[in-house]
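Dear colleague,

Please find below the structure that I am handing over to you.

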Amino acid sequence: MKILTDQMQDIFEIEEVGPEIILRELELWDSLSVISLLAVLDETYGINIEATILVDILTVADLFSYVEQHRTK
């Protein structure tokens with residue numbers, strides 16, 4: 001998860017990625033940053049998240065849990 005954590009820090013321009021962070025409350029949570037995050041998930045973990053699933057992922061902990069359960073790489 002180190003790669004994902006580092007990428008999230010870059011994408012959302014935040015110092016620390018904590019499990020309690022609510023994704024939609026990030027200042028830079030917008031369509032471009034979401035596309036960047038989805039690209040990282042696809043390239044790094046082989047995960048293609050559909051918009052309907054992304055809606056249910058509220059926190060960083062939820063995202064990490066989803067990645068652990070669905071990663072193919």
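**Salt bridges**

The structure, which is a predicted model, holds two salt bridges. One joins Lys2 to Asp6, with 2.8 Å between the closest N and O atoms. Both of these residues belong to helix H1 (residues 2-12), where they are four residues apart, or about one turn of the helix. Lys2 counts as exposed, at 59% relative accessibility, whereas Asp6 is partly exposed, with a relative accessible area of 29%.

The other salt bridge is formed by Arg71 and Glu68, whose closest N and O atoms are 3.4 Å apart. Arg71 is partly exposed at 34% relative accessibility, and Glu68 is partly exposed at 46%.

**The nonpolar core**

In soluble globular proteins, nonpolar side chains tend to be buried together. In this model, the largest nonpolar core has 23 residues. Those with the most contacts inside this core are Leu4, Met8, Leu23, Leu37, Leu41, Ile49 and Leu63. The elements H1, H2 and H4 each give two or more residues to the core.

Leaving aside residues up to four places away in sequence, Leu41 touches Leu4, Gly46, Ile47, Ile49, Leu63 and Val67.

Val40 is found in helix H2, which spans residues 31-45. With a relative accessible area of 10%, Val40 falls under the 20% cut-off and is therefore buried. Beyond its neighbours within four places in sequence, Val40 is in contact with Leu4, Gln7, Ile11 and Tyr45. Val40 and Met8 are 32 residues apart in sequence, and their C-alpha atoms are 9.0 Å apart in space.

Which residues of H4 are buried? They are Val60, Leu63, Phe64, Tyr66 and Val67. Seen down the axis of H4, these buried residues fall within an arc of 160°, so they line one face of the helix. The elements that cover them include H1, H2 and H3.

Thr59 is found in the loop between helix H3 (51-54) and helix H4 (60-70). Is Thr59 buried or exposed? Its relative accessible area is 17%, which is under 20%, so Thr59 counts as buried. The side chain of Thr59 reaches the backbone nitrogen of Asp62 at a distance of 3.1 Å. Apart from residues up to four places away in sequence, Thr59 touches Pro19, Glu20, Ile21, Ile22 and Leu23. Of these contacts, Leu23 is also one of the residues with the most contacts inside the largest nonpolar core.

**The aromatic pair**

The model contains one aromatic pair. Phe12 and Trp29 form this pair, which is stacked, with 5.7 Å from centre to centre and 20° between the planes. The pair links distant parts of the chain, as Phe12 lies in helix H1 and Trp29 in the loop between H1 and H2, 17 residues apart. Phe12 is buried, with a relative accessible area of 2%. Trp29 is likewise buried, with a relative accessible area of 19%.

With kind regards

Methods:
Residues numbered from 1 in each chain as written. Predicted model: local features only at pLDDT ≥ 70, side-chain atom pairs only at ≥ 80, totals over all residues. Heavy atoms only, no water. Buried < 20%, exposed > 50% of the residue type's maximum accessible area, 1.4 Å probe, protein only. Polar contact = N/O pair within 3.5 Å; in protein donor to acceptor, adjacent residues only side chain to side chain. Contact = heavy atoms within 4.5 Å. Salt bridge = Lys/Arg side-chain N within 4 Å of Asp/Glu carboxyl O. Arc of directions from axis to C-beta. Core = buried A, V, L, I, M, F, W, Y, C linked by side-chain atoms within 4.5 Å. Phe/Tyr/Trp six-rings, centres within 6.5 Å; stacked < 30°, edge-to-face > 60°.
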